[in-house]
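Visitor: Please take a close look at one kind of side-chain pairing here. Where does it occur, and what surrounds it?

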Amino acid sequence: MLAWRMKAERQGYFTLEEWRRGLKAIRADTVSKFKKALSELEKEVMRPQNFQDFYSYSFRYCLTEERQKSVDIEIACELLHLVLGLKFRPQIDRLGEYLKKQHEYKVVNMDQWLAILRFCNEINFPSLDNYDPDLAWPILLDNFVEWMREQQA
């Protein structure tokens, strides 16, 4: 969350400019203000107008190589738990289980990543009764829904 607020470009590194920009954004010019601001940062991230940006950023932040456009399934699963786990625990647990069992996909790209958030927000879970495979869902999610329905049968 702090990296998002600082608009850090590289995982695990903050430039002086990023650090200053982040501290200014959270209005922290002392250690005690910094500590207080960190606890407020989670509330800021969870605001609907900020969450989409944070969610997209979290994916881009995991792209550690130049020209990298996807993240490994294992990393995606962990990141989903970190970013969506509190809000959508049942969906993310089952999706993580599916992603680890299936062998068709080795990576998740940004389009799939964004669709997962849309899926969690829009689709009734666990019934999946409003899932329409004719809509523009990635095949990854079509396959997940099919797998879920097989599990429920």
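**Salt bridges along the helices**

Guide: Glu-122 and Arg-118 both belong to helix H7, 4 residues apart, which is about one turn of the helix. Helices here are DSSP runs of H or I with at least four residues, strands are E runs of at least two, and both are numbered from the N terminus. The model is predicted, so local features need pLDDT of at least 70 and side-chain atom pairs count only at pLDDT 80 or more, while totals for chains, interfaces and linings use all residues. Residues are numbered from 1 along each chain as its sequence is written, and side-chain values use heavy atoms, with hydrogens and water left out.

The side chains of Glu-122 and Arg-118 form a salt bridge, 3.3 Å from N to O. The term means a side-chain nitrogen of Lys or Arg within 4 Å of a carboxyl oxygen of Asp or Glu. Glu-122 is partly exposed at 41% relative accessibility, and Arg-118 is partly exposed too, at 29%. Buried means under 20% relative accessible area, exposed over 50%, and partly exposed in between, computed with a 1.4 Å probe on protein chains only.

An α-helix has 3.6 residues a turn, so residues three or four places apart point the same way.

Helix H6 holds another such pair: Lys-101 and Glu-97 lie 4 residues apart, about one turn of the helix. Their closest N and O atoms are 3.2 Å apart in a salt bridge. Glu-97 is partly exposed at 30% relative accessibility. Arg-94 joins Glu-97 and Lys-101 in a network of salt bridges.

In helix H3 (residues 31–46), Lys-43 and Glu-40 are 3 residues apart and therefore separated by about one helical turn. They form a salt bridge with the closest N and O atoms 3.5 Å apart. Lys-43 is exposed, with a relative accessible area of 53%, whereas Glu-40 is partly exposed at 35%. The structure holds 7 salt bridges.

Helix H6 (89–101) and helix H7 (110–122) are among what covers the buried residues of H8. Those buried residues are Leu-140, Leu-141, Asp-142, Asn-143, Phe-144, Val-145, Trp-147 and Met-148.

Leaving aside neighbours within four places in sequence, Arg-5 is in contact (heavy atoms within 4.5 Å) with Gly-22, Ala-25, Ile-26, Leu-41 and Glu-44.
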